[in-house]
2 protein chains.
Amino acid sequence: MLNFTYFNPVNIVFGKGQITSLANLISADDMILMTYGGGSIKKNGLYERVKKALKKHNMLEFGGIEPNPKFETLMKAVDIARTEKITFLLSVGGGSVLDGTKFIAAAIHFAKGNEWDILSKQAPIEKTVPIGSVITLPATGSEMNCGAVISRNSSAEKLVFMNPQVYPKFSILDPETTFSLPKKQTANGIVDAFVHVTEQYLTYPVNAPLQDRQAEAILLTLIEEGPKVLDNPEDYDVRANLMWCATQALNGNIACGVPQDWATHMIGHEVTALYGLYHAQTLAVILPAMMQHQRNRKSEKLVQYAECVWGITENDQNRKINSAIEKTIGFFNSLGVPTSFKDYGIGMDGLNSIGSRIESRGMLLGEHHDIGKKEITEILELCV
Amino acid sequence: MLNFTYFNPVNIVFGKGQITSLANLISADDMILMTYGGGSIKKNGLYERVKKALKKHNMLEFGGIEPNPKFETLMKAVDIARTEKITFLLSVGGGSVLDGTKFIAAAIHFAKGNEWDILSKQAPIEKTVPIGSVITLPATGSEMNCGAVISRNSSAEKLVFMNPQVYPKFSILDPETTFSLPKKQTANGIVDAFVHVTEQYLTYPVNAPLQDRQAEAILLTLIEEGPKVLDNPEDYDVRANLMWCATQALNGNIACGVPQDWATHMIGHEVTALYGLYHAQTLAVILPAMMQHQRNRKSEKLVQYAECVWGITENDQNRKINSAIEKTIGFFNSLGVPTSFKDYGIGMDGLNSIGSRIESRGMLLGEHHDIGKKEITEILELCV
């Protein structure tokens, strides 16, 4: 096992009816800015429930945060927060709204340079505004971590920052808020959580059997519950199980003491920045290609994945890995998520630039930090 | 899945050499009281390493906290802390030292009545002194929870209190500090962690497959790694895996959204209070008896336990449960921990009073809150 530190102070409030606890979770003295996305919370009644729970609080609102939240949009919220002396940010929506809100929280008091430096230069943050969240889409794990992924239109970039100061003070997870999600978003969320786990699991063994089993626990549960939700979107237990899987997939617990990869994510971010695909759509294409390209370096964990997640116990190692990759593709496809960029009309012409884009940021990807421009192009060639 | 809240702000610092980070984890302005037990940390060099790491800090010390830490002993530390205006408590030792330190932290500023009320009346705590810990015995999970179990000689009582204010600010877990543990303590720690998991797992199903798999992950790892450590006490990875299992067994994660039992613990506390047995010794005897007595009410989870933890897939449900109980007894015995009170020369004469003792506290035990005096006696009859 590798040395590690683990710190996660988010107060998780999980279950049906928990929205009503909002009034006790935020001080009556706070000046709240409620942030949200494209308005689905107005259609499903959540907007009204939040307003009702906080009717005695002072609250302004900022809607219109888009999927892959944009720096340009978020800076409008930062301006409002500065003018109105906002002391608490309440994110009501999915991971994009919450990621955007984390950026707003970090940017409000940022005074040394352009706020984009928080992403592009990992500029230090001195003071943040506290955040609470009501999460409506099980996917990113943002509700229980301190990371955020932000895009900027002007430079077609999608970058990550992580800072313990932007852990939400609390996150409310009410599975009933996810009943009305479109099938596509539900499926994307399952893929997202699945690939969060593989990024922390499909590397190389370090004799950490508990963490391996905890990672497999999430994968097995996603595989078991995922198909159920497409048929029964209002099954409370299935929604609850998927929601808790997504949180556990990226709250740092399964990363304790093990190597991490994240190459699939880093390449996926570039594809989204260039083509606007949903995050999970990029992951579903790149992960199988990554497994194929890295099958030798990842062989031990790929065999373990084949055996413990997919129950493939016959045949030699090579065939086990082949079967595990096929099973992964089959699972994503069964959720309606394509596994080739061809399905989006994307070929190598545009993808060829991605290796250089990542190289220009000085990044070498993967758990061995050795996936560079050449390898990225090879991986992308397996994606089309 | 049941509704739940989960909050755990402990900063875990895990791995070899992490003791040196102490200097950065405690403010130089603090007046520290270092607490420890019977002096094993002086024999294995840890005492000197802690002193060296904190050589620029102001630190007093209080040794002699015993297993099943005693109110009478701890109040001496409280007196010192009050006199010396201690602002930080550093626990260096196992779960008993840390539990005792949590009580000291809660008692220092306690002014409304006798400090024992914190245990006996669950009296509210207004202000605590912050705690850090260096944990040296994987067992209780105290390093990542806010509970403590304290005994009082004068009344032969052993009681629990839990309060979010006594979460350690940090816990350092260096597996190397456990190399020199006596076999008996190592084995007791494994049993303790094992039974912590069963208390949160062997109840009744609520459709929470992720939590079930996470619980099974800990049990399977304890079963796998436990025997190894007895043969190779200085195998770093085995020690690390057991240490992380013990923490994960009682940090609240596997309790999320599921029923909890704790009857085995409550009865075990009484046996320790009356006879002075180690905590784990009582658990190893009572758990199999509890499984036997509650086999109908717990049947679904006992069958799942048989199948998923012990790989018992043949035979009918009844035989599966029998085999699972036998396997549990065999595992404890293989660690050298007896599974009958007869092995300690204890018969029903003294144990007969336990039902009344628990009844007198107004407690009904188990996940259904229906195990009273009569059932407790029946369970204890299966223990001798």
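User: Which strand of chain A is joined to β2(A) by 4 bridges, running parallel?
Analyst: Happy to start there, with a predicted model in which local features need pLDDT of at least 70, side-chain atom pairs count only at pLDDT 80 or more, and totals for chains, interfaces and linings use all residues. Residues are numbered from 1 along each chain as its sequence is written, while chains are lettered from A and ligands numbered from 1 in the order in which they are written. Strands are DSSP runs of E, at least two residues, and helices are runs of H or I, at least four, numbered from the N terminus; two strands pair if DSSP finds at least two bridges between them. Met34(A) stands opposite Leu90(A) in β4(A), and the parallel partner over 4 bridges is β4 (residues 88-93).

User: Which residue of β3(A) stands opposite Ile32(A)?
Analyst: β2(A) also pairs with β3 (residues 58-62) of chain A, in the parallel sense over 5 bridges. There, Ile32(A) faces Met59(A).

User: How many of the 5 residues of β2(A) are buried?
Analyst: A residue is buried if 20 or more other C-beta atoms, placed from the backbone, lie within 10 Å of its own, exposed if 12 or fewer, and partly exposed in between. Across chain A, buried residues make up 53% of the 384 residues. Strand β2 (residues 31-35) is largely enclosed by the rest of the structure, because the buried count is 4 of the 5.

User: How far apart are the C-alpha centres of domain 1 and domain 2 of chain A?
Analyst: Domain bounds, from an automatic or database domain assignment, are 11-177 for domain 1 and 182-381 for domain 2. The C-alpha centres of the two lie apart by 26 Å.

User: How many residues does domain 2 of chain A bring to the contact with domain 1?
Analyst: Contact here is between residues whose C-beta atoms, placed from the backbone, lie within 7 Å. Domain 1 of chain A gives 19 residues, and the number from domain 2 is 22.

User: Which residue of β1(B) is the bridge partner of Val13(A)?
Analyst: Let's look between the chains, where 32 residues of chain B are in contact with 32 residues of chain A. On the chain B side, β1 (4-14), α8 (209-231) and α9 (236-249) each supply at least two residues. β1 (residues 4-14) of chain A pairs with β1(B) in the antiparallel sense over 7 bridges. Within β1(B), the partner of Val13(A) is Thr5(B).

Notes: Two residues are in contact if their C-beta atoms, placed from the backbone, lie within 7 Å.
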